[in-house]
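Welcome! Open your viewer, get your selection tool ready, and follow along stop by stop.

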Amino acid sequence: ALTRTTRSGETHAVLFADVDRFKLTNDSLGHQAGDELLVLIADRLRSVTRAGDTLARIGGDEFTLLLENIGNTEAAERMAIRVLEWVRAPLTMSDGRTISASLSIGIAVAGHGASPDDVLHDADVAMYQAKSRGPGLYQTFDPVAMGKRSAHWLDLEISLRRGIERDELFLLYQPV
């Protein structure tokens, strides 16, 4: 898809979806029920995709959807809204139990010169931003705002590791 972007100027987008509160479902109902829930969600995702789109389970409870020749960011956002609504409808498990699920979705638009790793990373960063705002939401990657935030956290982690190596951190106890 990225090769075609370079040649034709088509716009592609990646939706990176994570099942909200999946660990709670897995821990409460068991791993077999968790696996069944993932299959039901995958079926819902597959039913909402267009003919040229590609759906993949990345691992755990994370899915990606490659939207080829999507047109623009707004079209990708409309697709994310459609996916969120489609998955939100109650799911019926094999034991007859009805479960409601939601996704957090990050969107990254694949521009000219982007690598697959860059696009997946950007969509992942946007997904975590959506997840931090609450369940069942989407967020489009903003390279300025989210790039600075990622750089800030990386700088903080490096500084903390350096402080630990140099024995510069110490604990103070102050009872309230």
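Which residue in β7 does Gly106 stand opposite? Select Gly106 and look across: Gln139 is the residue facing it. Before moving on, a note on what you are seeing. This is a predicted model, in which local features need pLDDT of at least 70 and side-chain atom pairs count only at pLDDT 80 or more, while totals for chains, interfaces and linings use all residues. Residues are numbered from 1 along each chain as its sequence is written, and side-chain values use heavy atoms, with hydrogens and water left out.

**The sheet.** Now select the strands (DSSP runs of E, at least two residues; helices are runs of H or I, at least four, and both are numbered from the N terminus). You will find an open sheet of 5 strands in the order β2-β3-β1-β6-β7, with mixed pairing. Because β2 (54-59) and β7 (138-140) stand at the edges with a single partner strand each, one side of each has no neighbour in the sheet. Strands pair if DSSP finds at least two bridges between them; β6 and β7 do so in the parallel sense, over 3 bridges.

**The core.** Select Leu15, Ile41, Leu67, Val83, Leu103 and Ile105. Of the 30 residues in the largest nonpolar core, these touch the most other members. Such a core is a set of buried Ala, Val, Leu, Ile, Met, Phe, Trp, Tyr and Cys residues joined through side-chain atoms within 4.5 Å. Buried means under 20% relative accessible area, exposed over 50%, and partly exposed in between (1.4 Å probe, protein chains only). A second, separate core has 10 residues, including Phe16, Ala110, Ala123 and Ala126.

**Helix α2.** Go to residues 22-29, where Phe22, Thr25 and Asn26 are buried. Looking down the axis, the buried residues fall within an arc of 95°, so they line one face of the helix; the arc is taken from the directions from the helix axis to the C-beta atoms. The face turned away carries the exposed Lys23, Leu24, Asp27 and Ser28.

**Last stop.** Pick Asp18 in strand β1. Is Asp18 buried or exposed? With a relative accessible area of 8%, Asp18 is buried.
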